[in-house]
Amino acid sequence: MSQLIVRKLEVSTGDENLRRLLNPVSIDFSMGEVLGIYGPNGSGKSTFLRALSGGNYGLKVSGEIWIDQFAITQSVRADARASVVVYLGSDFHSPFSLTVRDLLEMGNGFSATPSHSRISEVIEALKINEFMPRVLNTLSDGERQLVMFARCLIQFPKVLILDETFSKLDLDRLMLVGRVMRQWCERGMTFLVASHDLNFLSEVSDQMMLLKKGELLAMAQVHEVMTPHFLGELYPGVPLQVVRSPESGKLKILY
Amino acid sequence: MSRELKKKYALVITALIISALLSLFLRLDFSNASLILKELRVPRLLTAFGVGSALSIAGLMLQTTLANPLAEPYTLGIASGAALGAAIGSSLGLKLPFMGLNFGAVLGAVMVLLILLRLTAQGSRKSDSMILLGIMVSLTCASLLSIWMVLSDPVGVQSVTFWLLGDLSRVGLGAGATLCFASALVTSWFWFQYRKYDAFLMGEGLVESFGVSYQTTLRITVVLISLLVGLCVSAVGMIGFVGLIVPHLVRRFLGSSRHFHMIPMSFLGGASILILSDAMAHAVGEPRELPVGAVTALVGAPAFIYLFIHRKRSEVGVE
């Protein structure tokens, strides 16, 4: 079975201070599933995900990353890397006037233009047909996040990293995105999702990872991680309650 | 290609032909036509074609790769760097025997671009600070150029005007043809890579996500643009704002920023606009001649101000 394997991934700032941002992390994760990543601000979520993407973010990264037997490092060519892993943040602006249609149809820098059936499938799944003729920068932040997510589904990397990508999405669309993620999982795509919306993570994730101050606190099934014990460690003194949703049977948090 | 696009191409090509005819035949002394055409007007037309297309493509590619809609060889100081390099280079005899290519100009352009990329961290390239720095670099180079010209050449003060305002009349047939060839060659290289440049349209943070190496592409682009701008500046001096205005006009005209059509359209558009400006500069001042750089700047500088003020709005795409 194909796996995402991380061995002793360690990250420091790229400058001369070499401040440690992430202590060594080792994980094994099955491809075709959703991994939720949760932690307070500054706990190292983005650092971990950026390092995992192999992109050049001015970080000093050591350790090994294997995605489906493909080693990810900063020296791997960008085109080879982008078909394996793509990192998506949350803030998208084009300095130029670019329509949604152009963005979705232009494909990537390394392969042929994506097929029309693949594009229209994603457009339909995410219900973004009405955005197509619009200029990207005239959409709201949340709509733009949705369009960029669509862009990445069309590119179809093995692993899609979503770092707070849905931070400005409304409830309806958030649920839709969750369903679409599950559908694309069945086609073999893997999602790593960082979010501050614990209830959303619990809804979509197969496993969850908790980070605290650059340290891996726990990684396991959602019901093993989303407990008063672990959440108490993340937010000591904050009154939190974990309940099970009568509808979906998933764990939810009340505060 | 859709019908609408075909119409747009037809329109631009017609504009190009009309400009070319104007440049060849406007105020032509028909008693001596064949000599004037052969010796003066055709070389001049070729030069304007080569330089106009090259500057426009340079502007487009700089705007794309730096994610800065105000970037162009002139506003970033690359043109002044090339002029300074060319002046120093020709005094030192760095001029290559063929077609007036001046190594100094290319070196000057590369130096300025490297300095700018050093001074601006990745994030600040799309901001105004890059343009401000570019203008300061430009002023520094222009002052050094004036000092160098006056010190090295007794009649240097006149040549300074040539470098600072541009003059298409000194270029011969061979050099004009070389400029056209170089411009077409570099443009085709960019055009064959249009997918890569499309990946820059969402800003530098996402370039690698689209499978394009940011550093490698930027480096190659910078070198090619420096070559092209160096070549133009060493042949005709500095001609500003063509590289700024043409890509903006073409983006509006096409209604798209994708490079498959942006590159050929900017190439043709840049050529026609410089040919037209040169014909105007030539005809209006008769019998004297206005420096063509002064004509493009006269139109270009107010357009820059307009773009600068309305940029926020145009960036969010409200037409």
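## Polar contacts and salt bridges between the chains

Across the interface of chain A and chain B, the rule finds seven residue pairs in polar contact, both residues being at pLDDT 80 or more; a polar contact is a pair of N or O atoms within 3.5 Å, where, within protein, one must be able to donate a hydrogen and the other to accept it, and residues adjacent in sequence count only if both atoms are side-chain atoms. The side of chain A that touches chain B draws at least two residues from each of helix H2 (78-82), strand E6 (85-88), helix H3 (100-105) and helix H5 (141-155) of chain A, and H2(A) gives the largest share, four residues. Sorted by type, the residues of this side are 16 nonpolar, ten polar and five charged, with Ala, Val, Leu, Ile, Met, Phe, Trp, Tyr, Cys and Pro counted as nonpolar, Asp, Glu, Lys and Arg as charged, and the others, Gly among them, as polar.

Two salt bridges are counted between chain A and chain B, a salt bridge being a side-chain nitrogen of Lys or Arg within 4 Å of a carboxyl oxygen of Asp or Glu. One of them joins the side chains of A:Asp102 and B:Arg258, at 3.8 Å from N to O.

## How the model is read

This is a predicted model, in which local features need pLDDT of at least 70 and side-chain atom pairs count only at pLDDT 80 or more, while totals for chains, interfaces and linings use all residues. Residues are numbered from 1 along each chain as its sequence is written, chains are lettered from A and ligands numbered from 1 in the order in which they are written, and side-chain values use heavy atoms, with hydrogens and water left out.

## Extent of the interface

In this interface, 31 residues of chain A are in contact with 25 residues of chain B, contact meaning heavy atoms within 4.5 Å. The area buried between the two chains is about 2,400 Å², of which carbon and sulfur atoms give 58%; buried area is the accessible area (1.4 Å probe) that two parts lose on being put together, summed over both. A:Pro95, A:Phe96 and A:Met106 supply 29% of the area that chain A buries against chain B, more than any other three residues.

## Strands in chain A

Helices (H or I, at least four residues) and strands (E, at least two) are DSSP runs, numbered from the N terminus, and two strands pair if DSSP finds at least two bridges between them. Six strands of chain A form an open sheet of mixed pairing, in the order E6-E7-E8-E3-E9-E10.
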